[in-house]
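This report describes how two chains meet and how one of them is divided and paired. Please consult the sequence and structure shown below.

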Amino acid sequence: MMTLKVNGQENHIDADPDTPLLYVLRDDLKLNAAKFGCGLGQCGSCTVIVDGKAVLSCVTPLVLLEGKQVTTLEGLGTVSAPAPIQRAFMEEQAAQCGYCIAGMMMRAQALLLRNPKPTDAQIRAELQPNLCRCGTHMRILRAVHRAARLMDTADASVNERSGQ
Amino acid sequence: MNAPVILDRRRVLQGGGALIVSFSLGRAFAEEGAPAAAGPKRPGSLATAPYLDSWLRIDSDGRITAFTGKAELGQGFKTAFQQIAEQLDVPFKAIHVVTADTQLTANEGYTAGSHSMQDSGAAILNAAAQVRELLIAEAAKRLDLAGESLKTDNGAVAAPDGRRLTYGELVAADMLHVQAQPQSKLKDPATFKIIGHPVPRVDIPAKVTGGEAYVQDMRLPDMAHARVVRPPSYGAQLVECDSSAVEKLPGVVKIVRDGNFLAVVADKEFQAVKAMNTLAAAAKWKESPNLPKQNDLLNVLTSLPSQDSTILNRSDPSVSGQKTVEATYTRSYQSHGSIGPSCAVAHFVEGAMTVWTHTQGVYPDRQAIAEMLRMQPASVRLIHVEGSGCYGHNGADDVAADAALIARALPGRPVRVQWMREQEHAWEPFGPAMVTKLKASLDADGRIADWNFAVWSNTHSMRPGNAGTLLAAQHMAQAFAVPQPKPLPLPEGGGDRNAIPLYTFANARVVHHFIPAMPLRISAMRGLGAYHNVFSIESFMDELAGLADADPIEFRLRHLEDQRGRDVIEKAAQEFGWKRYQKPQAGRGYGFAFARYKNLAAYCAIASEVEVNRETGRAQLLRAVAAVDSGQVVNPDGLTNQIEGAIMQSMSWTLYESVSFDDTRITSIDWQTYPILRFDAVPDRINVHIINRPGQPFLGSGETGQGPAAASIANAIAHATGKRLRDLPLTRKRIKDAIDA
């Protein structure tokens, strides 16, 4: 039994320590966003954030995650209260089949956390590990730019309210 | 025969009593087909499923359901169908769309060939118009007014005196259980408020928030997880498998072996993965080296026995050519490469099988699975649930069969089967390799006098219908034989799809060499033969334009009479800023290509700019401009998304992709060994321009971009390097070798 913190909640996990995080998220915690794509760390559809960094959950064993904070797409927002990156992807209609999109969003979110105003080249470089087969790349790029603007606006309004 | 029958919608609702619906369920079989009737054909799929209540239901509370036998594959047409129901004068949000389900929806065969809007969209549009007329007639009767004086809006019929009757109040008894008329009273397209507008897709919110959106996300109570251990190669025989160690592993519920079919079921998913690995190590197979030479596909394909048919033969002896050129083009086997490997859930309860699947054809796949299980089709229900994008016949049907076969061994317990990455890559049916040989001559005026086109190809559909198309059925002890492949008939065609040029030539001959033998497992992949045929025709048109010393676009227009075709060409050229004999900066090239998909669906022209690194051979698409005519546009943003995606995906096929194999095994089994486009290859921009044709029939457009994108890029590479590449994919090495030659 191990304790795993996901989206701010502590969970007691009964799984072998070598179980990849992806299976714990999907099978034990019934979360949908992180997707099985290859199990080999080649496609990025399983991407989640661990302690602020984008991580391939399909090749990250549970044993390495003790005491760390895992964030999945579910932890960012909901349909009725979407996070800026979720709003951005909806507004840009940045999906076709959408299977890769959760992983794309989490990698982009990790970038925006450490670099709120990335250049187009920085976004492209960051998303290099993630594959999209429908060819939605142009929209994904636009959505990440839009997310950066939305987060900037959100920060500004928070600062205004708090008098900063 | 006491086979249990899964209740159809009629019986469920009649027996249930909980669902109060105000239409008659008396004869409303989802599958109810058309009686043999003479006269004009009904629009779209109303031709085969003519009853209006197969398409639209109105509940007494005014809730409206549209039924489609097509499957949402990420093209966004669930949203488009919801838009189309505007024809009924109801708000967008009042409509709920139910997709492919053998218990609920009409049998519309496969969701393939860019047919969804033409078949199902046209059926819903016309059914909605005719249901509206029925509701008006009923209101006229009840209000004792002339039908002509009544209007419809917001889900109600309104009289001039202010009285309103909602659709829910009006609909009763058998009212919608009538056969559609061939003609409908359609709204004036100028009045559309939803059709033709960029409505946000209904499926995207769940997909960007972690909602349950895919069959992979299904979790039924007490569901077990299974993994299949596939043979290492085609035809391999399982000679020995000591599974005793696997049986002792934690969580393992069952090992299922039936001939060469081998699978393991466990309580938890990763337990199933571990058990699969142990079982795979225990299994000993006998393999045979039966694969052809990967680097000699030209000779392999043209040496196999073929059935030859001349599909175009036009002759005008008064016209003859002077300068003649010929060229041969080839295409490798290519993978669908879905990002999510195929997955299905099956549940076998009291002799009835239910399978949740991302198949493109719930009815044909049900037929195949029922045959494999030796069950009555009525005892098997297939329900479509979205999967990862498929772009044709990938592992969806096979994994559905795997799940059904395993679930039958575990009655009462739902079983989820998820293929692994290597399984999807090695076992999916590939897009077939192809060869085309072209020869043409120009007359003194620089016009094509004589055109010869020959294509060698397998069929482009080994889709289910027969059990023998399913891997599980091929592998079980009482194996089902792979059915004899058939060429897909024209006018749509398979290997010969788009082999007949849309251009007009005085003399033209097109021959289809259909190859029955299939060295690799193949089936339908987005665009079928059109991808390679359009690549060949449109590359060769550029070669001929060069010979005629003509601008490539002007040269095409010289041979094209079809006005809508000319319109997309001119639109793409204008938006791209195409100028005759324009010289790009060093290392860059401009390319152009055009096709009308299947010569009967959407028109598409694409101009592109490509940069080629002469040192490395790397080709980079910098920008692409497309013009498309899909008839009446339903969701312009959805259409744009499809064309953008087609260009990106075709660019990936065209520059990078080929299935690799040795004499025994498929060796491209993951994204390292089968590389596809990544973000470093994404162009600066793609612009899609739509030529809307209000009131014109919907023209399928999901596949129209594949061929033009390929040829446009190939032509730009030729423009940039002065070298013509004719073998797909146009890899860095091939480009470099051509530059150095």
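## Domains of chain B

Which domains does the domain assignment of chain B give? It gives domain 1 (14–209), domain 2 (215–288 + 336–427) and domain 3 (434–460 + 495–740); the bounds come from an automatic or database domain assignment. The model is predicted: local features need pLDDT of at least 70 and side-chain atom pairs count only at pLDDT 80 or more, while totals for chains, interfaces and linings use all residues. Residues are numbered from 1 along each chain as its sequence is written, and chains are lettered from A and ligands numbered from 1 in the order in which they are written.

Taken over C-alpha atoms, the centres of domain 2 and domain 3 of chain B are separated by 37 Å. Each of domain 2 and domain 3 of chain B gives 13 residues to their contact, where two residues are in contact if their C-beta atoms, placed from the backbone, lie within 7 Å. On the domain 2 side, four residues are nonpolar, six polar and three charged. Here Ala, Val, Leu, Ile, Met, Phe, Trp, Tyr, Cys and Pro count as nonpolar, Asp, Glu, Lys and Arg as charged, and the others, Gly among them, as polar.

## Contact between the chains

Chain A contributes 49 residues and chain B 46 residues to the contact between them. The side of chain A that touches chain B comprises 25 nonpolar, 17 polar and seven charged residues.

## A sheet in chain B

In chain B, six strands form an open, mixed sheet in the order 12-20-19-18-13-25. Strands (E, at least two residues) are DSSP runs, numbered from the N terminus, and two strands pair if DSSP finds at least two bridges between them. Strand 12 (307–314) and strand 25 (727–728) of chain B each have a single partner strand, so one side of each is left without a neighbour in the sheet.

Strand 13 (residues 323–331) and strand 18 (residues 434–442) of chain B run antiparallel and are joined by nine bridges. B:Tyr329 stands opposite B:Thr436 in strand 18 of chain B.

Definitions and conventions. Helices (H or I, at least four residues) and strands (E, at least two) are DSSP runs, numbered from the N terminus.
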